[in-house]
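Please find below a short note on the structure shown here. The points are set out by region.

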Amino acid sequence: MRIVNLKDHKKVPVFKNINYAVKMIWQADKMLLSGYILGRTAENIFSLFIQNILFLKVLLTAIDGERDFKVYVKYLILFLIASVITKALSWIGNYLHQYSTKRVLKRLNNKIFDKAGQLDISCYEDPAFYDKYQRATLVLQYGYFDILCFDIAYIIGCLLSFAFVVATVTIIDPMYLLFLLPVIFVFAIEMSKSRCVYERDLQMTTNNRIKAYIQRTVFLKDFSKDMRTSNIFAVLMKRFDRAISSNIEILKKYGFKLFIYSMVSSLFSEFIPIIGTYAVAGYQFIHTNKMTISGFSVVLSSINSVRNATMDIAECFDELSQMALYFQNLKDFFEYEPKIVSGSKKAGAFESLELKNVSFKYPGAKENSLSHISLKINKGDTIAVVGINGAGKSTLVKLLLRFYDVTEGEILYNGINIKEYDIDSLRDKFGTVFQDYKNFAISVFENVICHRCDEEDKEIAKNALIQSGVWDKITTFSNGGDTLLTREFDENGAGLSGGENQKVSTARLFAKDFDLAILDEPSSALDPIAEYKMYENLISATENKTVIYISHRLSSAVLSDKIYVLSGGQIIESGNHNELMAQQGEYAKMFSLQSRSYSIE
């Protein structure tokens, strides 16, 4: 995924990105931009031209005696009609964009969520990805798409008003247009200023992410006990303070530069046009008699309207430039192509799984996490992969499920490289329980079945929860299996202990029809008795199935047909339990230590 670096962010194509953003918003809902254009154009033309220029000219002409009162009344009625029409158009436009904003937000959010679901697992382990993702989501979080539509509509309205006002000034005296030329420089200045603001915000992204993490952590139940029984809160606060101090230094760094931009912009947008116009118009009115009262007033009002319109356009361009830079992040996010590419073959019923001389190194790592792993698993085998933490066991699972692709060697499913298979069909053949199990803020039944449940699904989920050993706990909840696993959104929701949560997660395996089970530390949060009962149920559920146990606890290894001992990313021993105990190697040492601990418990 390409990141907009500080060195090359000035190369970001502003107008191209604005066009990209408009197309995206237009596809989401055409009424958002249409509503803004309708409302803002009507209001700008009315306020900048009809009210401040046209009606003023009619009024002062009547005062000068060039027209009678009846003509003035007619224009007053026309002004009233124009006012009513403007208010009606403005109301319609506001209604359209308020209604459409929600729809655009929903559709763009869904698009981001869909894309996030396609990202490689490696993205979630890359800090740069989170910076990119955060800047991309700012488009929705801060309503930048809404601001972009408002600015475009405002510019259109201002430009139309600008054209009418300039035509009026030209009729009075074209010379006054010279005082508007410096305003052209305002656009360039404001665009440079917007890039400076973006560069400042870009440097603050990581600090803001740290602040957001700490602010979120302080309020999460998962961390509350540790923070109250240790000094970790003070450590977090130091990081929080450092992030704020760093942001203050960044603000100071860019503050003077932004001040200079503002002063130069004011010089070209206000001082030269206003002072110049007042001086020349005053001279013509007082000394040359070439200027009437109505002409004098209209010129001054016109110049002010043009200046205001120009400043508004400049500010809108300033915002659009910033929006374009942020939409670049969103564009890069959507254009990211996953490195794990799905094949076309549909995975058939499981027969064998083979690793041939497999090595793997994480992106950016100096050493391999796995080196020269070779093993074969046939249908009906029960395999245990054991080793201490960090031996490479969970990395092996990630490779089997194609969360990552091997660095060297190949993995074969039914004799065919797993890269040739459709990823979803391949993963569907596996029943998995991960050591970093996660349950979601949905009902217990939905956590097990992983979709909306009908009565048949609920019965399947109930049986799975019985097998995992947590159903008795679920029955104590007021809504049983329909209880939400959180109290954050529902006062009748429930919280579970670590072991109970793991049992709910494991129930997904019991509820699924699978060919090959991968159990990655399925009992890490359980006590020995609960672990024993869990394995009894797993043995029953996986009868005549192929099973891979991944664990540093060896209670599952005794029941396995073959055991592979990993250390430092390599297989150092293999065989069944009796063979490995006879070797008196690393496995025998680990088993003796653990069995002694279990006996004491």
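**Note on selected helices**

1. Helix α10 covers residues 393–400, helices being DSSP runs of H or I of at least four residues, numbered from the N terminus. Six of the eight residues of α10 are buried, that is, under 20% relative accessible area with a 1.4 Å probe and protein chains only. The buried residues are K393, T395, L396, V397, L399 and L400.

2. The model is predicted: local features need pLDDT of at least 70 and side-chain atom pairs pLDDT 80 or more, while totals for chains, interfaces and linings use all residues. Residues are numbered from 1 along each chain as its sequence is written, and side-chain values use heavy atoms, without hydrogens and water.

3. Helices α13 (residues 455–468) and α15 (residues 498–510) pack at an angle of about 120°, their axes 8 Å apart. Axes are lines fitted to C-alpha atoms over the stretch in contact, with angles from 0 to 180 degrees between N-to-C directions. The pair is therefore oblique, a class left after angles under 35 degrees (roughly parallel), over 145 (roughly antiparallel) and 65 to 115 (roughly perpendicular).

4. From α13, A464, L465, Q467 and S468 make the contact (heavy atoms within 4.5 Å); from α15, K503, V504, A507 and F510 do so.

5. I260 belongs to helix α8 (residues 232–288). I260 counts as partly exposed because its relative accessibility is 38%, between the 20% and 50% limits.

Notes
Helix = DSSP H or I, 4+ residues; strand = E, 2+ residues; numbered from the N terminus.
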